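Colleague: Hi! Could you walk me through this one? I'm new to reading structures.

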Amino acid sequence: MISMVQNVAVDCADAYGLARFWSKVTGAPLDPDDAPGARETQVLLPGGPVLYFNEVPEPKTVKNRIHLCLRPSSTRDAEVERLLALGATLTGDHRNADGTGWAVLSDPEGNEFCVLRSDSDRAGHPARG
């Protein structure tokens, strides 16, 4: 027997608003049944688990123990700029002068995620990240 990952759940204050942010990040649609004011929403990632957003009363207070790592189709640096324009915040910059490394961003509710190097970025520098 095995278990399949059904979704990645994110506790939040505004489920619909945060799901809209992540829908723009991933280019994946919201569940068609979701609407403003919904306390539970989903971003339907193609071929993968669902991003599930659930409203909770308590605010985020510490660093996430689990987070998403994104590998962009554009360059890492172009994707960081796009995500900042969508409302993300740069919270940790681990990019190196030689082009290796990654950036840590936070979504509008403070949940951390990483932006790794794209395949084209990695072609010149095969180190991890």
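Modeller: Happy to! Strands here are DSSP runs of E with at least two residues, helices are runs of H or I with at least four residues, and both are numbered from the N terminus. This is a predicted model, where local features need pLDDT of at least 70, side-chain atom pairs count only at pLDDT 80 or more, and totals for chains, interfaces and linings use all residues. Residues are numbered from 1 along each chain as its sequence is written, and side-chain values use heavy atoms, with hydrogens and water left out.

Colleague: Thanks! Which strand is S106 found in?

Modeller: S106 is found in strand 6, residues 101-106.

Colleague: Buried or exposed?

Modeller: S106 has 7% relative accessibility, so it counts as buried. Buried means under 20% relative accessible area, exposed means over 50%, and partly exposed is in between, using a 1.4 Å probe and protein chains only.

Colleague: And what does S106 touch?

Modeller: Leaving out residues up to four places away in sequence, S106 touches A88, T89, T91, N111, E112 and F113. Touching, or contact, means heavy atoms within 4.5 Å.

Colleague: How many bridges join strand 6 to strand 7?

Modeller: There are 4, and strand 6 and strand 7 run antiparallel. Two strands count as paired if DSSP finds at least two bridges between them. L105 has F113 in strand 7 as its bridge partner. The hairpin of these strands has 5 residues between them, and G110 there takes a positive phi near 90°.

Colleague: Which way do the residues of strand 7 point?

Modeller: E112 and C114 point one way, F113 and V115 point the other way, and all are buried. In a regular strand, side chains alternate between the two faces of the sheet.

Colleague: New topic: how much space lies in the largest pocket?

Modeller: About 550 Å³. On a 1 Å grid over the protein atoms alone, a pocket is an open set of points with protein on both sides within 12 Å along at least five of seven lines, and lining residues have an atom within 4 Å of a point. Grid points are joined across faces, edges and corners, and the volume is the space filled by probe spheres set on the points.

Colleague: Which residues are closest to its centre?

Modeller: Of the 26 lining residues, V10, D11, K60, N64 and N111 are the closest to the centre of the largest pocket.

Colleague: Which strand gives the most to that lining?

Modeller: Strand 1 does, with 5 residues.

Conventions:
On a 1 Å grid over the protein atoms alone, a cavity is a set of points where a 1.4 Å probe fits but cannot get out, and a pocket is an open set with protein on both sides within 12 Å along at least five of seven lines; lining residues have an atom within 4 Å of a point.
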